[in-house]
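Subject: Structure handover and findings

Dear colleague,

Please find the structure below, followed by an account of what was found in it. I would be grateful if you would read the two side by side.

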Amino acid sequence: MTGTGLLLEGGTVYDGLGNPGRVADVALAAGRVVAVGGDPPAGLRRVDCSGLAVAPGFVDTHAHSDLVHLRDQPQPFKLFQGVTTEVVGNCGLTFAPLDAGSAEVAATLWSSLAGGVPIEPAGFAELAGRLDRAGPANNLALLVGHNTLRLTANGLEERLRPGAAEAMAALAAEAFQAGAVGLSSGLIYVPGSYASTGELVALARVAAAYGGTYATHMRDEGANLEAALEEAVTIAGTAGTRLQVSHCKASGPAAHGHAGRLLERLAAARLAGVDAQGDQYPYDAGATVLSALLPPAVAAGGPEAMRAHLRDPAARAALRATAEGGQVGNGSWAETDPDGVLLTGHRDPAVVGRTLAEAAGGRDPWDALCDLVADDPSASIVLRLMREDDVRAIMASPLVGVGSDNGPPSGLEHPRTWGCFPRLLGRYVREQQVLTWEQAVRKATWLGARQFRLDGRGLLVEGAVADLCVFDPATVGHEGTYLDPDTGVTGIEHVLLAGEPVVEGGRYTGRRAGRVLRGPGWHGPTEAAR
Ligand SMILES: [Zn+2]
């Protein structure tokens, strides 16, 4: 294949809008789709797509690949899944804007997301420019994280210092002018967890002024799921932003069976004029830092204070009472069980690949947890949280798209990092028919592109950007497991970025054809001048 002038012949075309597939030739020229069906322009190079599905490239609305694309080697792990654009900077955790002090704290708390890339002080425009120049394997759209804004403006303190709210707003505005597509929050992580609803409304107003979206990892996804969703809707509704509820789930026994309530509330928000939708990864386990099992207050005062706190028996007991007390936002301890927590990253390699129950040996798992976090505050886990009927109910909703919530593509990460989109198609469309092909493609493409204003992407119509994925419905899938997560994807045949083939016959071409897609607030040079 060549970079321009292709004719994808004889495939079944899914437009991303949810229309049924139809067999048609797709003509591409100068980075755009120039014809779907009808008589194609002459002189195009033909690519046989018979028996294959031709879809818009997938949009991963919930990614954490912020820094991994700065590695020396290109990182095609999302391209192999058919993903052409990742929305990064989710859960309030971004690697800009950071100053010397906040970069140091971020390196302690969030290094498991950085994939070995140094966490350094950087303004938002600076990091966006570095990513763009590095040439990511796929396109990136950047969110600015509330946790990062707060860390830089106010440190890890709970109360905002005089001027800190204004400083956060100014930093957020700079990020939007540098092309951020939205504001993210992660309200289970310090210091974001300290924020009042009003603090978040004020920052969401900045997002609204620049046409940005508010994406939130809510305060609670378990017993207090509905109260947390209410807050998210209030923030977006008051500020006037679109709302993206991140990794929708009903987490832990107190919430199991409640997926329907989440979906009803999303629908009610839309009826009340809030442009609300969500994303989901198709698994019953999540992944996060080990410390997320603890009440977030444990991290007050920074890593050293946290270590001391965790080693004090009285403080441990008090924390446990809080964790088991059922109040909003007190960590995920009550949402899982020690057998359901797999340690995937820890400075002690002897515990990696073991469950918390196994690592505890005969000890009380709570004590083991406190010791393990004290030893490595950025240790990471995969944890069982969801019930399959809730996963399917959320998946069946047309208001919920797809977001992998990936980690760096190395080591023992959640299999979603390598296989989220192929698994959705293989397991939940072909094998279990939870969705039709056209529904699944819509959720994986246009639904996310519209919510983050990725104009011209996520749909396959004449004039759209030719970010495309060609897959084999008979074989698409991913068999990765929690203990063997990085097995190869099957059935993703061709992936194109602006008409340029980057995966051909399932093989990465080695081209770094991705770029940073700037949001509507972008004050930089126009497209033509770049
Ligand atoms: Zn999250």
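A residue is called buried when its relative accessible area is under 20%, exposed when over 50%, and partly exposed in between, using a 1.4 Å probe and protein chains only. This is a predicted model, in which local features need pLDDT of at least 70 and side-chain atom pairs count only at pLDDT 80 or more, while totals for chains, interfaces and linings use all residues. Residues are numbered from 1 along each chain as its sequence is written, and side-chain values use heavy atoms, with hydrogens and water left out.

Salt bridges

The structure contains 28 salt bridges, each being a side-chain nitrogen of Lys or Arg within 4 Å of a carboxyl oxygen of Asp or Glu. In one of them, Arg 265 pairs with Glu 230, with 2.8 Å between the closest N and O atoms. This pair links distant parts of the chain, 35 residues apart: Arg 265 belongs to helix H8 (residues 259–271) and Glu 230 to helix H7 (residues 225–239). Helices (H or I, at least four residues) and strands (E, at least two) are DSSP runs, numbered from the N terminus. Arg 265 is partly exposed at 23% relative accessible area, and Glu 230 is partly exposed at 35%.

A salt bridge also joins Asp 455 to Arg 453, at 3.5 Å from N to O. Asp 455 is exposed, with a relative accessible area of 52%, whereas Arg 453 is partly exposed at 35%.

Asn 138

Asn 138 lies in the loop between helix H3 (124–134) and strand S10 (139–145). With 0% relative accessibility, Asn 138 counts as buried. Its side chain makes a polar contact of 2.8 Å with that of Glu 86; such a contact is a pair of N or O atoms within 3.5 Å where, within protein, one must be able to donate a hydrogen and the other to accept it, and residues adjacent in sequence count only if both atoms are side-chain atoms. Leaving aside residues up to four places away in sequence, Asn 138 touches, among others, His 69, Leu 497 and Arg 515, where contact means heavy atoms within 4.5 Å.

Yours sincerely
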